[in-house]
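Let's take a walk through this structure together, one piece at a time. Have the sequence and the 3D view open, and follow along as we go.

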Amino acid sequence: MILDKVNSPEDLKALSLEELLVLAEEIRSEIIRVTAQNGGHLASSLGAVELILALHRVFHSPKDKILFDVGHQAYAHKLVTGRKDRFHTLRLEGGLSGFTKVSESPHDAITVGHASTSLANALGMALARDLLGEDHHVVAVIGDGALTGGMALAALNKIGELGKRMLIILNDNEMSISENVGALNRYFKELQIRKWVQDMEKLGKNVLEHISPRLFGLVDRAKEAAKLLLHQENPFYAWGIRYVGPVNGHDLKGLIHILEHLKELEGPTLLHVVTQKGKGYKVAEADPIYWHGPPGFDPKKPEKVSKGYSWSQAFGDAVTELARLEPRLFVITPAMREGSGLVRYSTEHPERYLDVGICEDVAVTTAAGLALKGMRPIVAIYSTFLQRAYDQVIHDVAIENLPVVFAIDRAGLVGADGATHHGVFDIAFLRTVPNLQIAAPKDALELRAMLKKALEVGGPVAIRYPRDNVERAPEGVWPEIPWGKWEVLKEGREVYLLAFGKTLRYALEAAGEDPRVGVVNARFLKPLDREMLAWLAGYKLITVEDHQGMGGFGSAVLEALNEMGLKPEVRVLALPDRFFEHGAIPSLHRQAGIDAEGIRRALREMGVAPVHER
Ligand SMILES: CC(=O)c1sc(CCOP(=O)(O)OP(=O)(O)O)c(C)[n+]1Cc1cnc(C)nc1N
Ligand SMILES: [Mg+2]
């Protein structure tokens with residue numbers, strides 16, 4: 001295999017074009033093989049193979065900095081930068097990250113997972129390069145989806161003003177996870193299909209190539225110049241950035257040729273590259289949405305697998321029904337229609353659905369605008385991505401106590417996506433915000449009850465639920481829920497376990513039939529159920545949460561007990577003050593000590609050893 005000869009990007013410089021083309025196919029096969037075993041971002045990485053080979057052929061990483069936005073499309077980059085022998089460990093505990101990661105390789109210029117950060121990072125590196133008198137290239141690869149993020153657009157504005165030498169590669173496959181959105185995306189599409197460009201293309205190819213390649217070359221350059229000229233309305237010009245393209249992102253020879261030229265240019269240049277998401281694997285080309293991030297599959301007979309009924313689907317089903325009952329309901333997603341379970345809702349209620357693109361800040365503040373006009377918006381958002389809209393939650397929603405519901409999905413440790421995607425800070429950063437209430441349902445029925453009640457109680461309400469499957473709740477059932485009240489699931493004589501969401505299952509498992517150990521579904525995190533807490537203070541207490549310990553649920557319980565002058569023995573089981581890497585969720589919970597075994601350990605330490613151990 002050619003790949004066997006590639007141990008660093010420099011090895012690519014010695015390969016012929018034919019060898020590079022063979023290598024591209026070998027890399028595709030390896031990406032399919034390992035993603036089939038481990039799961040991962042298949043379609044994005046297949047679409048970026050030629051682009052990555054061309055970049056590493058032309059530039060000299062790690063001296064030249066090649067940044068990948070989001071970093072999920074960089075499997076080919078990992079394979080040609082000395083990690084092919086570990087590639088089979090992709091996204092596995094202790095194995096390679098599914099994204100680029102500075103600590104993993106000197107070729108990984110940035111640690112990513114969240115979108116739209118590459119351009120500001122690139123600007124910083126270019127500024128430092130020039131200040132330090134260094135001479136290297138800075139190249140940022142950003143997808144059309146990531147370019148919908150405000151950070152990216154704001155960085156472009158600054159990059160154009162400062163005029164630093166750098167190359168931005170817009171990897172345009174017209175897809176985010178779902179179909180991409182936004183006016184820029186529409187413009188890119190138009191650029192690709194602009195009639196006259198197509199006609200010129202056809203004319204150039206069919207007629208001129210036969211007459212004189214030299215003349216064909218001239219016309220080609222003339223076309224380029226004409227494009228540049230006629231694209232004065234091209235937004236990148238407004239940003240002060242040279243725009244080149246669109247070019248075929250799978251034409252390895254053409255990419256190398258154009259990159260060789262562009263690397264010599266001064267100032268910021270954007271090369272618009274058109275690729276196909278899933279390129280080279282029929283099922284992924286046909287359905288880049290499902291094959292954006294499939295779980296494992298049979299590479300010979302790739303079929304979609306159902307991952308079971310998830311909390312996301314339970315949420316999607318609930319709001320789809322709720323919208324029939326509440327005409328003011330409006331659901332917003334920041335580019336996560338599938339991930340948030342909103343495909344059905346978006347089909348049934350298109351007029352009250354909005355995908356704003358990868359811009360969580362816009363999602364939250366758009367919801368504020370809807371609420372100010374009397375609507376009842378729900379922002380469907382992953383815990384980790386809500387971090388992008390923290391000020392908007394405070395400034396645009398909470399200060400005016402607006403009725404916005406935050407349906408926080410992926411709350412807790414999320415597994416193979418790792419540290420950039422774990423949703424383990426939301427309780428801490430939300431519970432300090434006045435007016436904002438926080439709840440965590442124990443099952444799909446309680447989720448329905450909370451969503452419906454949240455629309456009635458008014459003010460901002462966050463409802464958090466984990467990345468997990470859940471038992472489906474019957475349609476049409478909307479149970480009442482005593483707002484702000486916890487519920488005792490099991491009586492206990494000596495100690496009570498206070499848990500919610502996913503850790504409730506561990507608490508019930510640890511308590512078993514032991515009459516000394518009670519279990520409380522502490523489903524309201526703000527406000528806490530102080531009345532029940534005062535009663536519980538007569539027992540030993542263990543709080544359990546899939547969240548950072550600092551500022552989490554346990555902290556809130558300790559603060560409340562202190563304010564009430566109550567001093568029971570309390571153990572807080574939560575994540576320690578460090579980041580958790582990627583790995584299987586049960587294993588991560590075990591490491592954090594928040595699973596049933598961790599609870600039993602705490603019970604032993606409190607002198608309540610499990611019955612069979614006495
Ligand atoms: C991995 C992940 O979490 C991805 S990949 C992706 C689509 C990116 O589209 P792009 O066009 O940039 O790339 P493409 O896949 O090659 O088409 C999204 C929305 N997400 C979720 C997401 C949401 N919001 C933020 C801030 N960051 C991320 N990463
Ligand atoms: Mg894309």
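Before we start, one term: a polar contact here is a pair of N or O atoms within 3.5 Å. Keep in mind, too, that what you're looking at is a predicted model.

With that in hand, let's go to ligand 1. An oxygen atom of ligand 1 sits 2.9 Å from a polar backbone atom of Ala 146, so this pair falls within the 3.5 Å cut-off and counts as a polar contact. How much of the accessible area of ligand 1 does the protein cover? On its own the ligand has 620 Å² of accessible area, and the protein covers 98% of that.

Now look at who stands around it. The shell of ligand 1 holds 25 residues, and the closest are His 72, Gly 113, Gly 145, Lys 277 and Glu 360. Sorted by class, there are 10 nonpolar, 11 polar and four charged residues in that shell.

Next, the sheets. Strands of a sheet pair through backbone hydrogen bonds, and they can do so in parallel or antiparallel fashion. One open sheet here has five strands, in the order S1-S2-S3-S5-S4, and its pairing is parallel. Strand S1 (65–68) and strand S4 (242–248) are at the edges with a single partner strand each, so one side of each has no neighbour in the sheet. Going across this sheet, neighbouring strands are turned by 20° against each other on average, with direction ignored.

S1 is joined to strand S2 (residues 138–143) by four bridges, and the two run parallel. Here you can find Lys 65 standing opposite Val 138 in S2. Helix H6 (residues 150–162) packs on this sheet, where it touches S2, strand S3 (166–172) and strand S5 (268–274). The direction of H6 makes about 150° with that of S3.

How do two helices meet each other? Two packed helices are described by the angle between their axes and the distance between those axes. For helix H1 (residues 17–38) and helix H11 (residues 252–262), the angle is about 115° and the axes are 10 Å apart. Leu 17, Leu 20 and Leu 21 are on the H1 side, and they meet Leu 252, Lys 253 and Ile 256 in H11. By class, this contact has five nonpolar residues, no polar ones and one charged.

Finally, two stops in loops. The peptide bond from Lys 526 to Pro 527 is cis, with omega near -5°, and Pro 527 is in the loop between strand S15 (524–526) and helix H21 (530–536). Ser 116, in the loop between helix H4 (75–79) and helix H5 (118–131), has phi near 75°, a positive value in a residue other than glycine.

Terms used
Residues numbered from 1 in each chain as written. Chains lettered and ligands numbered in written order. Predicted model: local features only at pLDDT ≥ 70, side-chain atom pairs only at ≥ 80, totals over all residues. Heavy atoms only, no water. Pairing = 2+ DSSP bridges. Axes fitted to C-alpha atoms, helices over the stretch in contact; angles between N-to-C directions. Contact = heavy atoms within 4.5 Å. Near = heavy atom within 4 Å. Polar contact = N/O pair within 3.5 Å; in protein donor to acceptor, adjacent residues only side chain to side chain. Areas by Shrake-Rupley, 256 points an atom, 1.4 Å probe, with all protein chains shown as cover. Nonpolar A, V, L, I, M, F, W, Y, C, P; charged D, E, K, R; others polar.
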